[in-house]
Amino acid sequence: MNATEPRRRWWPRSVRARAALAAASAAAVILVGIGWWLHHDVYRQSTQIAEDQAKEQLWSLCDKLQQGVIPDSISTVPYEVVATGRRTAVAYGGGMDDFAPGTHHVMPAPPKALRAELITTVRLPANPDYDPHDKSSVAGGTNQVITANIPADVLGDDKAAALGVTADANLRVYVVVLPHTAEAITETTDLLLLRAGLVSLVLIAAAAYFAVRIALRPVEAIRVLTASVTASDPRERVTVPATGHEITALATTINSTLQRLDDAAAQQRRFVADAAHELRSPLTTLLASLEVALAYPERTDWPAAATTAARQTRRLHALAEDLLLLARLDTRTPVAGPDTVDLTALASRLTEQYPLLERPLTLTCDSTAPAHAHGNPDEYERLLRNLIDNAARHAAHRIQITIRNQDAWVVLTVHDDGPGVPTEDAERIFERFVRLDDARSRDHGGTGLGLAIARDLAHRHRGTLTLTLTPRPLGACFQLRLPRAPTPVEE
């Protein structure tokens, strides 16, 4: 069993589910970031509102005290006013009565040297009935307070007496900034954000799921159509959407692939039929010759019959070798351990050793310098021999082999002075079992595989083999271009 399977059991296989999960995960990360930012911003603004409310209450208390009026104990914000020389608070309200009755005053007495308004924190004592879970109670906790000072010279004797303080007393007003308001607003906002986030994640996942499902409908249609394609009949084609998106490119690519499969299947069928036809011809001749010889042994010219049988057998052997070579080339196996081959030396050796017995021909090789290319020496020899064989069948008097080094390429041409090739047949002659000399006997016309094998060998060595178009009376000229390899001295 695959070792990675246990770790993938939790991962959904469906593309729709994966897209929905990915979209929900991305949205969750974004929403968490937004929620974190909103949480801190709401808390900051709520705290600022509480501070502004406390400041308004502070200045209102200061105004009343400066007028000699004791503030009312009923207040939405806890406060306390203390004075020097007085054991109890001048005034308090807004929940400051939660402390024990014996408490003189909660807030510290003002110092002799008064300072300007400041914000500080004060630890408030706890009363016996203090509940730490009651967020609205200020007793027993550390709270932020805002203070303001009223010097004694501001009040005067009458106002100081009305407030119950001495004429030389300094007053300090404490207003508590309520934290529970900001915390309550923040908690409410967090709860709303959590609910909205969960609903948003579900909606985003559902939207992504159905959006991908709708987007994949053309893919499902393509899958259904391609499922009906068989190796023997790859003629089915998928419908190309007119939207122009990625699905259109996919459908176009699949149709192109199916077309290549169809062409390959048709070529294979044609190749098998042509191979069977080519094999049947020498077999028929061989079988007929032997049957006639066996039926009339006394009237048979046995040396002539043996010669015919040997000739047909050689033709069958050559055809079988060509078919095996083509089958090997069709596998696209890479060239194993390529050597550096001097094409000039190879062409010169073939020119000297090539048999020209049937009719007088002049075979020459023209080269100015060694021409090296990477590849298999036997395959290069087979390629050149096929080109020379083809030229020898069509040449009238002369075959010219030319080899030149042109920049990063080695260019080799084989030119004969035969009748040439029609322009419309310039590419068809490289197809398998194609012969332009069907009127001639197949014994002298070749198997029709030589040029096809030569082009496959050229492509195998990253080169090209083409027919250079020339006027018909000047014959045919085949051009082979191969990547040039550095000489041993250059290496």
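Author: Let's begin with a contact: the side chains of arginine 455 and glutamate 427 meet in a salt bridge, 2.8 Å from N to O. By salt bridge I mean a side-chain nitrogen of Lys or Arg within 4 Å of a carboxyl oxygen of Asp or Glu. Keep in mind that this is a predicted model, where local features need pLDDT of at least 70 and side-chain atom pairs count only at pLDDT 80 or more, while totals for chains, interfaces and linings use all residues. Residues are numbered from 1 along each chain as its sequence is written, and side-chain values use heavy atoms, with hydrogens and water left out.

Reader: How many residues apart in sequence are the parts that arginine 455 and glutamate 427 tie together?

Author: Arginine 455 belongs to helix H11 (residues 450-460), and glutamate 427 to the loop between strand S10 (409-416) and helix H10 (442-445). Helices (H or I, at least four residues) and strands (E, at least two) are DSSP runs, numbered from the N terminus. So this pair ties together parts whose separation in sequence is 28 residues.

Reader: Is arginine 455 buried or exposed?

Author: The cut-offs are under 20% relative accessible area for buried, over 50% for exposed and in between for partly exposed, with a 1.4 Å probe and protein chains only. Arginine 455 has 14% relative accessibility, so it counts as buried.

Reader: Which ring does the charged end of arginine 455 sit over?

Author: For that label, NZ of Lys or CZ of Arg has to be within 6 Å of the ring centre and within 35 degrees of the ring normal. The charged end of arginine 455 sits 3.8 Å from the centre of a ring, that of phenylalanine 430.

Reader: How many aromatic pairs does the structure hold?

Author: Rings of Phe, Tyr and Trp (its six-membered ring) pair if their centres lie within 6.5 Å; planes under 30 degrees apart are stacked, over 60 edge-to-face and the rest tilted. Tyrosine 209 and phenylalanine 210 make an edge-to-face pair, 5.5 Å centre to centre with 85° between the planes. The rings of phenylalanine 430 and phenylalanine 478 have centres 6.0 Å apart and planes at 85°, so that pair is edge-to-face. The count of aromatic pairs is two.

Reader: Where does phenylalanine 478 lie?

Author: Both phenylalanine 430 and phenylalanine 478 are buried. Phenylalanine 430 is in the loop between S10 and H10, and the pair ties together parts 48 residues apart in sequence, because phenylalanine 478 lies in strand S12 (residues 477-483).

Reader: What separates aspartate 41 and arginine 44 in helix H2?

Author: These two form a salt bridge, with the closest N and O atoms 2.7 Å apart. Aspartate 41 is buried at 18% relative accessible area. Since aspartate 41 and arginine 44 are three residues apart in helix H2 (residues 15-66), what separates them is about one helical turn.

Reader: How many salt bridges does the structure hold?

Author: One of them joins glutamate 381 and arginine 385, with the closest N and O atoms 3.0 Å apart. These two are four residues apart in helix H9 (residues 377-394), or about one helical turn. The total number of salt bridges is seven.
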